[in-house]
Amino acid sequence: MLGEGSEVIVYVDLACPRCSLAWTRMSALPLRLVLRHFPIASKHPRAPALHAAAEAAGLQGEGAFWEMVDSIFSDQGRVDDPHLWERVRRLGLDLERFNRERRSEPVAERVRRDFESGIRAGVAGTPAAFVAGQAVGEDIAESLRTLS
Amino acid sequence: MIALGSRAPDFSLPNHEGKQVSLADYRGRNVVLVFYPLDFSPVCTDQLSIYQEVLPQIEEQGATLVGISVDSSWAHRAFRDKLGITITLLSDFEPKGAVIRSYGAYLDEVGHGNRSLVLVGPDGVVSWVHESPTPLEIPGANLIFDALEQDG
């Protein structure tokens, strides 16, 4: 969870440009953001690897999870493995551990669980946000502005 | 839209390889017919990408998912390649939209199908339908799972 205020559950695909824009706008609002993984591999082939990378970074500290998410969203053109390793080094994380854990079953399971919860909630595209169980309108950041 | 409990109109349409596929080929299985407007349009791309992600779970439930639009087989082939999806896509190209019309899902004013879902049971009878209020609204995959569970 990130921030303070009304809780918003947000399903994002880390390789989705619309998610990046919405996330940047939402992060600036006084809200408690709960990120749920929703990688759409057929649309963004690198998405599963990016979500696994964020989870693996998070195993080395919650702060590292958010820093990895922000770093990916702010530079979606650099998402190959060497770019991820560069981020890991910059965040001062253990690279060997990161590489091991991002391919681990618990990390894959965590991402899969989020994805399946999104499907059950009716998510049909990213980004998608929910407040108190209700889906937020299409222009998420603008809709959330009234909440904050 | 076609009425619940009615017999699903049979059809034979070419897939992305030009091979004819009939509804009767699926007799004995649940079939989810996905009528959608057009290959490559942004909303359809999102819809089929999401359905591709849950295709294994749909098949685990003993169902087959089939997309139908007015696009040609060639367009379907390019669309599948672009998205890397394996969903069967059928071409209701000539006479244009005839099958989509037979399910009551054709939008005359725009010349393509409305975004709608039809579940055809193993006996060939329509057991569930969902029509989006507008072509811009994607029916979440949760609706398909709910329908399959209700049916099963």
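Let me start where the two chains meet: 11 residues of chain A are in contact with 16 residues of chain B, contact meaning that C-beta atoms placed from the backbone lie within 7 Å. On the side of chain A that touches chain B there are 6 nonpolar, 3 polar and 2 charged residues. Here Ala, Val, Leu, Ile, Met, Phe, Trp, Tyr, Cys and Pro count as nonpolar, Asp, Glu, Lys and Arg as charged, and the others, Gly among them, as polar.

A word on the model. It is predicted: local features need pLDDT of at least 70 and side-chain atom pairs count only at pLDDT 80 or more, while totals for chains, interfaces and linings use all residues. Residues are numbered from 1 along each chain as its sequence is written, and chains are lettered from A and ligands numbered from 1 in the order in which they are written.

One residue of chain A that touches chain B is A:Lys43, which is in contact with B:Thr45, B:Ser49 and B:Leu83, not counting residues up to four places away in sequence. A:Lys43 sits in the loop between β2 and α2 of chain A. Is A:Lys43 buried or exposed? It has 23 C-beta neighbours inside 10 Å, so it counts as buried; the cut-off for buried is 20 or more other C-beta atoms within 10 Å, exposed is 12 or fewer, and partly exposed lies in between, with C-beta atoms placed from the backbone. Its C-alpha atom is 9.1 Å from that of A:Ala15, 28 residues apart along the chain.

Now the sheet in chain A. Its 4 strands run in the order β2-β1-β3-β4, and the sheet is open with mixed pairing. Helices (H or I, at least four residues) and strands (E, at least two) are DSSP runs numbered from the N terminus, and two strands pair if DSSP finds at least two bridges between them. At the edges are β2 (31-37) and β4 (134-135), each pairing on one side only.

Strand β1(A) pairs with β2(A) in the parallel sense over 7 bridges, and A:Val8 stands opposite A:Leu33 in β2(A). With β3 (residues 128-131), β1 (residues 6-12) of chain A pairs in the antiparallel sense over 3 bridges. Across that pairing, A:Val10 has A:Ala129 as its bridge partner, and A:Tyr11 has A:Ala128. Of the 7 residues of β1(A), 5 are buried, so the strand is largely enclosed by the rest of the structure.

On to the helices. What about α2(A), and how many of its 12 residues are buried? The number is 10, so α2(A) is largely enclosed by the rest of the structure. Its buried residues are covered by, among others, β2, α3 (62-74), α4 (81-90), α5 (95-101) and α6 (105-120) of chain A.

In chain B, helix α1(B) is mostly covered, with 9 of its 12 residues buried. Those residues include B:Thr45 and B:Ser49, which are also contacts of A:Lys43. The buried residues of α1(B) pack against β3 (30-35), α2 (55-60), β4 (63-69), α3 (73-83) and α5 (141-151) of chain B.

Last, the largest nonpolar core, which has 81 residues; B:Leu33 and B:Val34 touch the most other members. A nonpolar core is a set of buried Ala, Val, Leu, Ile, Met, Phe, Trp, Tyr and Cys residues joined through C-beta atoms within 7 Å. Helix α2 (residues 47-58) of chain A gives this core its largest share, 7 residues.
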